[in-house]
Amino acid sequence: MEPSTMDQALARARSEKTLGAYASLSNAMHKAPNGADFKALKLAVLRNFTVEPLLPPIEAEFALSGFRSETYLGDFDAIAADVFDSESRLFASQPELIIIALWLETLAPNLTRWDVRRTPPELDAAIEAVVEQLATLMRRVREHSTAPIVINNFPLVSRSSLGILDAQDPAGQTQALLTINRRLLEICRTLPDVFVADYFCAFAELGYANAIDERYWHKARAPLGQKVLLPLAQVYGTMLRALKGRAKKCLVLDCDNTLWGGILGEDGFEGLELGATYPGSCFRDFQREILTLQQRGVLIALCSKNNEADVMNVLASHPGMLLRQSHLAAWQINWDDKATNIERIVNELNIGIDSVVFVDDSEFELEWVQARLPAVRTLAVPKDVSRLRAILLQDGLFDTLSYSHEDGERTRLYADERQRKQLAKSAVSLQDYLASLELEASIDFVSEADVVRVAQLTQKTNQFNLTTRRYSESDIRRFIADPQCQVLCLRLKDRIAEMGLVAVAIIKYGTDVAEIDTFLMSCRVLGRGVEDALLAHVLKCIRAQPGIRTATGTYVATARNQQVEQFYERRGFSRLTPAGEFARWGIEVAATREYPDWIRVHAQPRLG
Amino acid sequence: MKATEQKLKQVLADQLDIPVESVGENTSPDTVPTWDSMHHLRLVLALENAFDVSLTEEQVVEVMNYPLIKIVLQELGVEF
């Protein structure tokens with residue numbers, strides 16, 4: 001197949017979100033099995049209903065996110081057979097993502113047919129039995145696979161058999177379904193890397209009549225109506241992007257007619273539409289949504305053609321504003337073109353241009369940015385501003401599957417960074433500057449409390465990452481438990497603030513060689529020599545192992561990690577492989593390596 | 001109403017994974033090897049999606065070749 005056919009199929013699916021466009025993209029993916037630009041993804045789908053109509057949309061949605069899925073489809077309602085046989089085709093396929101697609105009618109018909117004589121304790125017992133059965137299946141999968149599991153919750157039934165009585169009954173059909181979903185979630189939370197696909201909300205948004213196809217349910221156990229196929233595929237696509245660290249990280253906002261109604265330079269401070277009444281209330285709701293994103297760890301930046309002092313005055317003192325300067329990670333408020341300004345923001349924040357979403361009301365600005373920075377996702381302010389708030393929620397652009405303490409603190413970390421840059425301007429030399437920061441690093445073996453953050457860093461770090469191996473929480477736990485592995489993390493603070501857990505190294509031991517499997521650092525702390533503190537400690541750890549004489553490290557080139565291409569070379573390692581994208585480096589560990597003298601290192605264990 | 005005809009051909013081409021030029025009066029499970037029961041299910045869902053119609057149970061069984069699909073869509077108010 002010509003690459004242009006694939007490009008056409010991709011472009012068509014991107015612009016017209018229809019079953020046809022998705023089917024044609026899925027067909028194109030099947031015909032070009034070795035096409036470049038896609039990452040392979042081994043997908044397993046276990047199911048107790050006919051999911052086949054949903055598979056092409058899922059494959060297309062994954063393709064739009066850059067993944068070529070190779071799907072193992074379990075037999076109809078035969079999940080246990082796959083799961084309880086450790087040599088089953090499921091485990092032989094070595095899946096990297098496991099979707100468990102369940103329909104309640106097949107799983108537990110007794111919970112969908114209503115018996116008014118059933119007492120609440122009997123109902124609870126029936127629910128527990130079903131949920132425990134699912135937990136057993138998933139625990140069993142966990143014993144053989146560390147792949148993330150995505151299991152769905154259940155949609156409401158159209159109309160309860162109890163009619164209006166149902167709403168009066170705490171053990172009625174609707175309440176029972178809510179209980180099943182809540183218990184399912186609670187069980188999932190006890191298992192590592194198990195996530196819930198929200199069928200409940202996807203079906204609710206469409207309505208039962210649109211989402212469920214009674215004809216094909218009876219004919220072929222295929223309950224999904226045509227209108228729900230794309231929304232469900234998008235749910236799985238969003239979850240995959242979140243798992244693979246492809247969620248957007250930064251929201252860049254225009255000000256006039258975007259953050260508020262009206263133009264500051266023409267209408268003036270007093271003339272802005274922003275507050276409790278229409279249309280100002282629409283902009284206020286939009287700002288509320290922005291603040292939620294900020295709390296979830298998204299970086300908020302302003303990019304506006306205005307006088308900076310005027311905009312900052314609105315942020316500081318307009319009574320209708322919810323967004324304040326303290327919520328911003330960066331801003332470029334000047335008369336330069338917006339593509340240039342967005343590049344400045346991206347450089348200042350040290351993030352990838354493809355993690356940016358840009359919102360503006362001007363067709364011209366959107367097209368300008370799109371043409372110059374095609375990796376930026378642009379969103380237009382809708383003509384009807386009551387729909388403004390919702391644009392931030394579309395396509396699950398910023399969606400993640402976990403939340404860590406660092407997410408809520410992220411903006412403050414960047415504000416601290418701005419202060420440090422001020423400090424740097426006043427220092428005479430780099431040495432003075434680094435010394436003036438009073439850096440302190442604590443290096444420890446990773447404990448259970450750090451697993452979420454460490455896995456998150458392996459999934460999200462793109463630039464200072466030697467191998468870019470993405471690990472799940474269960475992978476990290478497996479490494480911690482493995483006596484042939486060491487997982488190290490580094491916490492950093494300076495005189496301005498604590499920066500938290502910012503660097504990770506994973507060492508794997510062989511008989512006389514230790515391989516540095518992973519070496520990464522958050523781009524927030526670049527330029528301080530932190531990597532040298534961690535590398536020194538890694539080499540000390542390796543040296544302390546009896547019989548190990550050589551440390552090796554690998555550089556795997558990606559689109560984003562050129563800055564570490566010569567990392568090992570510059571630190572005295574010699575090259576073991578010929579030139580190419582994949583480079584392996586080695587060094588003798590006979591001599592001890594010292595920590596940089598401008599960083600106070602507290603290491604556990606202490607090593608010479 | 002050439003555009004509707006073209007749209008219908010595109011739906012069949014997308015779902016059965018055949019070139020759009022090959023879709024015509026003879027297109028049926030006898031001439032298209034990929035047209036099995038699972039593809040029939042996908043095809044019906046895609047037809048409903050593309051033309052914003054809902055087929056009855058009988059119509060789902062009836063639409064077993066290109067001319068019959070056109071007739072059923074016409075019954076449902078789609079103009080060709």
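Q: Into which domains is chain A divided?
A: In this predicted model, chain A is split into domain 1 (3–243), domain 2 (250–396) and domain 3 (405–603). The centres of domain 1 of chain A and domain 2 of chain A, taken over C-alpha atoms, are separated by 36 Å.

Q: How many helices and strands does chain A have?
A: There are 22 helices and 18 strands in chain A. The radius of gyration of chain A is 27 Å, close to the 25 Å that the globule rule gives for 608 residues, so chain A is as compact as a globular protein of that length. Along the principal axes, the C-alpha atoms of chain A fill a box of roughly 80 × 75 × 55 Å.

Q: What share of the residues in chain A is buried?
A: A residue counts as buried if 20 or more other C-beta atoms lie within 10 Å of its own. Of the 608 residues in chain A, 39% are buried.

Q: What share of the contacts in chain A with a separation of 6 or more comes from residues 24 or more positions apart?
A: Such residues account for 70% of those contacts in chain A.

Q: Now a single helix. What length does helix α8 of chain A reach from its first C-alpha to its last?
A: Helix α8 (residues 173–189) of chain A has 17 residues and reaches 25 Å, close to the 24 Å expected at 1.5 Å a residue.

Q: Which residues of α8(A) are buried, and which are exposed on the other side?
A: The buried ones are Gln173(A), Ala176(A), Leu177(A), Ile180(A), Asn181(A), Leu184(A) and Cys188(A). They cover an arc of only 140 degrees around the axis, so they lie on the same side of α8(A). Glu186(A) and Arg189(A), on the other side of α8(A), are exposed.

Q: How is the size of an interface often given?
A: It is often given as the accessible area lost when the parts come together. Here the contact is described by residues: 15 from chain B and 14 from chain A.

Q: Which elements of chain B give two or more residues to the side that touches chain A?
A: They are α1 (2–16), α2 (37–51) and α3 (57–62) of chain B. The largest share, eight residues, comes from α2(B). By type, the residues on this side of chain B are seven nonpolar, three polar and five charged.

Note on methods
Residues numbered from 1 in each chain as written. Chains lettered and ligands numbered in written order. Predicted model: local features only at pLDDT ≥ 70, side-chain atom pairs only at ≥ 80, totals over all residues. Helix = DSSP H or I, 4+ residues; strand = E, 2+ residues; numbered from the N terminus. Rg over C-alpha atoms; globule rule 2.2 N^0.38 Å. Buried ≥ 20, exposed ≤ 12 C-beta atoms within 10 Å, placed from the backbone. Contact = placed C-beta atoms within 7 Å. Nonpolar A, V, L, I, M, F, W, Y, C, P; charged D, E, K, R; others polar. Expected span 1.5 Å × (residues − 1). Arc of directions from axis to C-beta. Domains from an automatic or database assignment.
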